[in-house]
Amino acid sequence: MEVWELKYYSELLAMGCFTRGELAEHTANYNTAGTLIKSYLKKGYIRRVKQNLYVAVNLVDNEPAVSKFHIARKITDTAYVSHHAAFEYYGCTNQVSYQVEVSSETPFATFDFDGNTYAYLASRIKDGVITRPEGVRVTDTERTILDGIHDFEKVMGLEELLRCLSLLPSVREDQLLKYLAAYNKQVLYQKTGYILRHFQREFHLSEDFFATCSAFTGKSTRYLTADQSGVYNKEWRLVVPVNLMSRITKGVEEYADI
């Protein structure tokens, strides 16, 4: 690698994932940035993630220099890691997933890169998105919980959601209530109250939390899943699956039937 190439390559490694416009800020010329991208793609110094989005390559192992979570937050200006991918980011899944859920205020077409599918989900609310010190934009724990409850049938399934919840160390009930108010959906209050009642002790949730959820559930009977068979739960006015999961494991501790 020539000296001038090394200079820009080092800057690209520091950027990790970038657009042509962002590279142009370093070259001071948009056309020069385009020339560099063409040259670096050919030489394998960078890879194209999608149109006008590139990632630097670590020449030691020829792998992207940043994680799939870093790439996700660069897809649009408002993109952030969410849902099951956020649980994975926080280490609350049992296995690696090859789908990365990315919420964004700006739609984009779902695409594949480096063995992962980057799946677009519409941004439900604006609250609860944080930028981590390493640069990843991701929903915080409480927003992740509510997104998971709201969209579990679309994204991960109910059993996987429960497994993810069982691995969370703690939650803040004031934040849960804040995001529930932002969602402003009676059925989400119902489903959240029902599911988190099971984790009340582990998450240190107060009775006031469940009383608030109950106050916003309305009087309609709804279904926890699209499968409308099951048993009626009087507290939350929900029809829930029979013997959904007999036991969930959290380390060596097992939870009773839900």
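Predicted model: local features only at pLDDT ≥ 70, side-chain atom pairs only at ≥ 80, totals over all residues.
Which residues is Thr76 in contact with, leaving aside its neighbours within four places in sequence? They are Ser104, Thr106 and Phe108.

- You will find Thr76 in the loop between α4 (68-72) and β5 (80-81).
- Thr76 counts as buried because its relative accessibility is 12%, and the cut-off for buried is under 20%.
- Phe108, one of the contacts of Thr76, also joins Thr76 in lining the largest pocket.

**The largest pocket**
- About 210 Å³ of space lies in this pocket.
- Sorted by class, the lining has five charged, four polar and three nonpolar residues.

**Salt bridges within a helix**
- Side chains of opposite charge can pair when their charged atoms come close.
- In helix α6 (residues 141-155), Asp147 and Arg143 are four residues apart, so about one helical turn separates them.
- The side chains of Asp147 and Arg143 meet in a salt bridge of 3.0 Å, N to O, and both residues are buried.
- Helix α7 (residues 158-166) holds Arg163 and Glu159, again separated by about one helical turn because they are four residues apart.
- Arg163 and Glu159 form a salt bridge whose closest N and O atoms are 3.5 Å apart.
- Arg163 is partly exposed at 31% relative accessibility, and Glu159 is partly exposed with a relative accessible area of 36%.

**A salt bridge between separate parts of the chain**
- Arg197 pairs with Glu235 in a salt bridge, with 2.6 Å between the closest N and O atoms.
- Arg197 lies in helix α9 (residues 186-197) and Glu235 in the loop between β12 (231-233) and β13 (238-240), so this pair ties together parts that are 38 residues apart in sequence.

**A salt-bridge network**
- Asp140, Glu142 and Arg172 are linked with one another in a network of salt bridges.

Notes
Residues numbered from 1 in each chain as written. Heavy atoms only, no water. Helix = DSSP H or I, 4+ residues; strand = E, 2+ residues; numbered from the N terminus. Buried < 20%, exposed > 50% of the residue type's maximum accessible area, 1.4 Å probe, protein only. Contact = heavy atoms within 4.5 Å. 1 Å grid on protein atoms, 1.4 Å probe; cavity = no way out; pocket = protein on both sides within 12 Å on 5 of 7 lines; lining within 4 Å. Points joined across faces, edges and corners; volume = space filled by probe spheres on them. Nonpolar A, V, L, I, M, F, W, Y, C, P; charged D, E, K, R; others polar. Salt bridge = Lys/Arg side-chain N within 4 Å of Asp/Glu carboxyl O.
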